[in-house]
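Subject: Structure handover

Hello,

Here is the structure I promised you. Please open it and keep it beside this email as you read.

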Amino acid sequence: MWIISAYAHDTDLKLDMIVIGSVAVDRDGRRIGKGNGYVDLDFALLVHCGVITNDTLIVTTVHDAQVSESLPTDLFKSYDVPVDMIVTPTEVIRVAKRLPRPQGIEWHLLSNRRLGIVPVLKVIKEKEEA
C-alpha cells in the first residue's frame with residue numbers, strides 16, 4: 001500500500017475501483033483473505049483518508065474453485081471488506097446487493113503491537129488525539 005496524504009483528509013484523489021486478493025468468496029460478496037487483516041486495515045486507512053468512497057468498486061479475482069454459494073455469516077465482522085464484483089477465469093459475478101462496508105479505522109481493535117507494525121496508524125491516532 002502507498003501512503004497518500006495519510007496524515008490528513010485533504011486529498012483530492014478518489015479511487016474508482018480497487019482489486020483485492022481473496023482466499024475464498026461467496027456470491028453475496030463476502031470474502032475471506034489470507035489472515036492478519038492487512039487488506040482490511042489498508043482499506044480502513046484509505047477510507048479514513050477519503051481515497052476510497054462509497055462509490056469505489058471493490059473487485060477480487062479468484063479461481064472458480066474459490067467461489068462458494070454461501071459462506072457462514074458468523075465468520076464476518078464489521079471490519080471485513082466485502083466485494084462488489086468477483087472475476088474468475090470463466091465468470092464475472094456482480095454482487096446483487098452490496099454488503100455494508102467498513103467506515104474507517106476501528107481504533108479499539110488495534111493493539112499497540114499493530115500500531116508499531118504500521119507506523120502511519122500511530123501517527124494518525126496521535127494526530128486525532130491531539
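**Ground rules**

This is a predicted model, where local features need pLDDT of at least 70, side-chain atom pairs count only at pLDDT 80 or more, and totals for chains, interfaces and linings use all residues. Residues are numbered from 1 along each chain as its sequence is written, and side-chain values use heavy atoms, with hydrogens and water left out.

**The largest pocket**

Start with the term. On a 1 Å grid over the protein atoms alone, a pocket is an open set of points where a 1.4 Å probe fits, with protein on both sides within 12 Å along at least five of seven lines. Lining residues have an atom within 4 Å of a point. A volume is the space filled by probe spheres set on the points, which are joined across faces, edges and corners.

The largest pocket holds about 300 Å³ of space. Its lining has 18 residues. Nearest the centre lie Arg31, Gly33, Lys34, Gly35 and Asp40. By class, the lining has seven nonpolar, six polar and five charged residues. Here Ala, Val, Leu, Ile, Met, Phe, Trp, Tyr, Cys and Pro count as nonpolar; Asp, Glu, Lys and Arg count as charged; the others, Gly among them, count as polar.

Which elements supply at least two residues each? They are strand E3 (31-32) and helix H1 (38-48). H1 gives the largest share, three residues. Helices (H or I, at least four residues) and strands (E, at least two) are DSSP runs, numbered from the N terminus.

H1 is mostly covered, with eight of its eleven residues buried. Buried means under 20% relative accessible area, exposed means over 50%, and partly exposed lies in between (1.4 Å probe, protein chains only). The buried residues are Asp40, Leu41, Phe43, Ala44, Leu45, Leu46, Val47 and His48. What covers them? The cover includes strand E1 (17-20), E3, strand E4 (57-61), H2 and helix H3 (119-129).

Look at both sides of H1. Asn36 lies in the loop between E3 and H1. Its phi is near 75°, a positive value in a residue other than glycine. Asn36 is exposed, at 59% relative accessible area. Just after H1, Gly50 takes a positive phi of about 85°.

Arg114 is found in helix H2 (residues 112-117). Arg114 is buried, yet it has no salt bridge. A salt bridge is a side-chain nitrogen of Lys or Arg within 4 Å of a carboxyl oxygen of Asp or Glu. The nearest side chain of opposite charge to Arg114 is Asp40, 8.1 Å away. For charge, Lys and Arg count as positive and Asp and Glu as negative; His and the chain ends are not counted. Leaving out residues up to four places away in sequence, Arg114 touches Asn36, Gly37, Tyr38, Leu41 and Leu121. Contact means heavy atoms within 4.5 Å.

Lys125 lies in H3. Lys125 is partly exposed, at 24% relative accessibility. Lys125 and Leu115 are ten residues apart along the chain, and their C-alpha atoms are separated by 9.0 Å.

**Salt bridges**

Side chains of opposite charge can pair when their charged atoms come close. How many salt bridges are there by the rule above? The count is eight.

- Glu69 pairs with Arg27, with the closest N and O atoms 3.0 Å apart. The two sit 42 residues apart: Glu69 in the loop between strand E5 (67-68) and strand E6 (85-87), Arg27 in the loop between strand E2 (24-26) and E3. Glu69 is exposed, at 58%. Arg27 is partly exposed, at 27%.
- Arg27 also meets Glu91 in a salt bridge (3.1 Å, N to O). This pair spans 64 residues, with Glu91 in the loop between E6 and strand E7 (92-94). Glu91 is partly exposed, at 30%.
- Asp84 pairs with Arg98, with the closest N and O atoms 3.1 Å apart. Asp84 is in the loop between E5 and E6, and Arg98 is in the loop between E7 and H2. Asp84 is buried, at 11%, whereas Arg98 is partly exposed, at 40%.
- Asp26, Asp28 and Arg30 are linked in a network of salt bridges.

Best wishes
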